[in-house]
Amino acid sequence: ERVLAVRITKSGFNQILAVAMTGQLQKSLGEKECDVRLQWDPDHSPSGGPMTRRAIQLGLKGNILKQYASDWIVSITDVTPFVKHERNVMKKKSQMEVSTPIETVYTPPSRLIC
């Protein structure tokens, strides 16, 4: 089992968001198929516990998946050693000692996206 960090272009990410639909939206529009399913899931802390904020989950298929795989991937990095190291830090010290990224809210460039 490996943990991979996949970096994609911002324009590709915006194109994914532009066609994303929740299941509820898909039903209300009478759409039978969509290439991007958007779902909001509970986010989790490094220890695995649920947090109050939500995390976006995007399921890709069809043409969007093809574009993702062939055009938008910038790099794929195996971060398994880092994740294992941080897991050991959490076990031996505390969750407060774990290295986590600084996150900011992403605002798409157009109100039509999402």
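A pocket is an open set of points, on a 1 Å grid over the protein atoms alone, where a 1.4 Å probe fits and where protein lies on both sides within 12 Å along at least five of seven lines; its lining residues have an atom within 4 Å of a point. The structure described here is a predicted model, in which local features need pLDDT of at least 70 and side-chain atom pairs count only at pLDDT 80 or more, while totals for chains, interfaces and linings use all residues. Residues are numbered from 1 along each chain as its sequence is written, and side-chain values use heavy atoms, with hydrogens and water left out.

The largest pocket holds about 1,800 Å³ of space, a volume being the space filled by probe spheres set on the grid points, which are joined across faces, edges and corners. Its lining consists of 41 residues, and those nearest the centre are Asp43, Arg53, Ala55, Pro101 and Glu103. Of the lining residues, 24 are nonpolar, nine polar and eight charged. In this count Ala, Val, Leu, Ile, Met, Phe, Trp, Tyr, Cys and Pro are nonpolar, Asp, Glu, Lys and Arg are charged, and the others, Gly among them, are polar.

Helices and strands are DSSP runs numbered from the N terminus (helices: H or I, at least four residues; strands: E, at least two). At least two lining residues of the largest pocket come from each of strand S1 (4–8), helix H1 (10–19), strand S3 (36–44), strand S4 (50–60) and helix H4 (80–92). S4 gives the largest share of this lining, with eight residues.

S4 also belongs to an open sheet of three strands, in the order S2-S3-S4 and with mixed pairing. Two strands are taken to pair if DSSP finds at least two bridges between them. Strand S2 (20–21) and S4 are the edge strands, each of which pairs on one side only. The pairing of S2 with S3 is parallel and rests on two bridges; Met21 has Arg37 in S3 as its bridge partner. S3 and S4, by contrast, run antiparallel and are joined by eight bridges.

Four salt bridges are found in the whole structure. The term denotes a side-chain nitrogen of Lys or Arg within 4 Å of a carboxyl oxygen of Asp or Glu.

Asp78 is partly exposed, at 37% relative accessible area. Another salt bridge, of 2.6 Å from N to O, is formed by the side chains of Glu33 and Lys61. Glu33 is in the loop between helix H2 (23–28) and S3, and Lys61 is in the loop between S4 and helix H3 (62–72), 28 residues apart. Glu33 is exposed, with a relative accessible area of 54%, whereas Lys61 is partly exposed, with 37%.

The side chains of Arg53 and Glu103 form a salt bridge of 2.9 Å, N to O. Arg53 is in strand S4 and Glu103 in the segment after H4, so this pair ties together parts 50 residues apart in sequence. Arg53 is partly exposed at 38% relative accessible area, and Glu103 is exposed at 51%. Salt bridges with shared partners join Asp43, Arg53 and Glu103 into one network. Asp43 lies in strand S3 and is buried, with a relative accessible area of 17%. Its side chain and that of Arg53 are joined by a polar contact of 2.6 Å. A polar contact is a pair of N or O atoms within 3.5 Å; within protein, one must be able to donate a hydrogen and the other to accept it, and residues adjacent in sequence count only if both atoms are side-chain atoms.

Thr80, in helix H4, is buried at 4% relative accessibility. Its side chain reaches the backbone nitrogen of Val3 at 2.8 Å.

How values were computed
Buried means under 20% relative accessible area, exposed over 50%, partly exposed in between (1.4 Å probe, protein chains only).
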